[in-house]
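Thank you all for coming; I would like to take a few minutes to walk through one structure with you.

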Amino acid sequence: MKQLRNTVIRAGLEALYFSGAHVLLRPIFSGVGAIFMLHHVRPQRDGAFQPNRHLEITPDFLRAMLAHLHARGIDIVTMDEVHQRLIERNFKRRFACFTLDDGYRDNRDHALPVMREYDAPFTVYVASDFAAGSGKLWWIALEMAVARADAIDVTMGGVATRLDTSTAQARQTTFDRLHDWLRTLSEHDLQREITSLCERHGVDQAAICRDRCMSWEELKAFSADPLVTIGAHSITHCNLAQQSETTAREELTLSRARIEDALQRPTIHLAYPYGDKPAAGPREFALARASGYKTAVTTRPGMVFPESAGHMTALPRVSLNGNYQDARILPVLTSGAATAMWNGFRRVDAA
Ligand SMILES: [Zn+2]
């Protein structure tokens with residue numbers, strides 16, 4: 001199913017490119033700027049089973065995007081500057097903003113050197129448990145469990161099921177099925193299922209966080225770079241919309257306090273974990289505002305429009321997706337045609 005979806009998206013991106021429709025749509029859908037969303041930046045790895053590949057792009061693809069923007073005279077700005085331009089309605093020049101979620105060490109090792117080549121600032125959103133080394137990156141734990149398993153036995157919706165992991169294709173199908181199911185569970189049930197999967201298939205869940213995420217000490221040095229802004233990404237990386245209002249508020253205020261305490265820098269920008277509609281809606285947008293965040297970004301696809309000024313804690317982003325790292329789609333992404341197609345041709349999506 002996910003494979004089909006990827007194929008349809010790729011066909012859509014290519015159709016937009018080859019038809020030239022993105023050029024025609026640009027004046028209507030390009031907005032005043034774009035906030036790009038990235039996760040991992042690192043060289044491509046071998047291996048057929050990479051179900052989280054959409055969450056990583058190569059340094060070369062990042063460089064190609066920066067070159068594309070640079071050649072078009074698009075300003076690369078901080079989240080502070082996005083906020084400022086929206087408030088002042090300063091749209092003389094188009095802007096692009098780079099944001100990276102979760103706080104992976106490869107952001108320092110592979111993204112920062114490329115961003116430096118273009119003197120391009122960027123924001124890294126840190127989940128405070130990830131920085132503390134106690135975070136649970138369950139989607140990676142799931143990938144590792146499926147990669148190691150001969151088969152996976154699981155009880156989904158009360159039905160005992162055996163899932164095939166004998167080929168790369170089967171592993172992908174099993175991963176997709178488990179991933180989609182896990183995202184429907186409460187945080188507590190999700191962690192219980194993942195812990196059990198990790199135990200049964202020899203995955204050290206605690207090591208994943210420490211292996212991949214920057215510690216507070218590393219973040220302190222990283223955040224001293226003038227190109228780097230650190231934003232918040234909750235404490236535990238939970239689905240905020242599933243939490244009680246008290247817990248959701250704590251996730252927003254305490255994560256902010258922990259980052260400010262550790263890094264001694266004001267933290268006024270937020271990215272919602274998952275960031276899609278089931279994880280961040282009007283209640284979360286209001287909580288983010290009330291918690292003192294100047295901006296908050298979602299993963300809802302879209303460009304920034306002048307109207308976005310009225311929805312500063314519900315900003316859309318454009319995903320730089322590892323499944324579509326083709327230089328031809330860069331003008332499609334910056335035209336707004338792709339995100340317009342995906343979000344139903346809305347300029348603001350904040351409900
Ligand atoms: Zn995240």
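Predicted model: local features only at pLDDT ≥ 70, side-chain atom pairs only at ≥ 80, totals over all residues.

**The metal site and its surroundings**

Let me start with D102, whose place is in strand β5, where helices (H or I, at least four residues) and strands (E, at least two) are DSSP runs, numbered from the N terminus. Residues are numbered from 1 along each chain as its sequence is written, and side-chain values use heavy atoms, with hydrogens and water left out.

Is D102 buried or exposed? Its relative accessibility is 3%, so D102 counts as buried, the term meaning under 20% relative accessible area, with exposed being over 50% and partly exposed in between (1.4 Å probe, protein chains only). The phi of D102 is near 95 degrees, a positive value in a residue other than glycine. For background, most residues other than glycine have a negative phi.

Which protein donors does the zinc ion have? They are D102 (OD), H233 (NE2) and H237 (NE2), lying 2.1 to 2.2 Å from the ion, where donors are N, O and S atoms within 2.8 Å of the metal (3.2 Å for Na, K and Ca), and since water is not among the atoms, sites may look incomplete. Strand β5 (residues 95–102) holds D102, whereas H233 sits in the loop between β9 (228–232) and α12 (245–263), so this pair ties together parts that are 131 residues apart in sequence. Along the chain the donors follow the spacing D-x130-H-x3-H, and H233, like D102, is buried.

On a 1 Å grid over the protein atoms alone, a cavity is a set of points where a 1.4 Å probe fits but cannot get out, and lining residues have an atom within 4 Å of a point. Grid points are joined across faces, edges and corners, and a volume is the space filled by probe spheres set on the points. By this rule there are 4 cavities of 30 Å³ or more. The largest cavity holds about 80 Å³ of space, and its lining includes P301, G302, P316 and D349.

The second largest cavity has a volume of about 60 Å³ and is lined by residues including W138, R183, E187 and Y274. Y274 is found in the loop between β10 (269–271) and α13 (282–290), it is buried with a relative accessible area of 16%, and its phi is near 65 degrees, again a positive value in a residue other than glycine.

Turning to R300, we find this residue in strand β11 (residues 295–301), and at 4% relative accessibility R300 counts as buried. Where does its side chain reach? The side chain of R300 comes to 3.1 Å from the backbone oxygen of A280. Leaving aside neighbours within four places in sequence, R300 is in contact (heavy atoms within 4.5 Å) with residues including A280, P316 and D349.

Not counting residues up to four places away in sequence, I9 touches Y324 and W342.

Terms used:
Polar contact = N/O pair within 3.5 Å; in protein donor to acceptor, adjacent residues only side chain to side chain. 1 Å grid on protein atoms, 1.4 Å probe; cavity = no way out; pocket = protein on both sides within 12 Å on 5 of 7 lines; lining within 4 Å.
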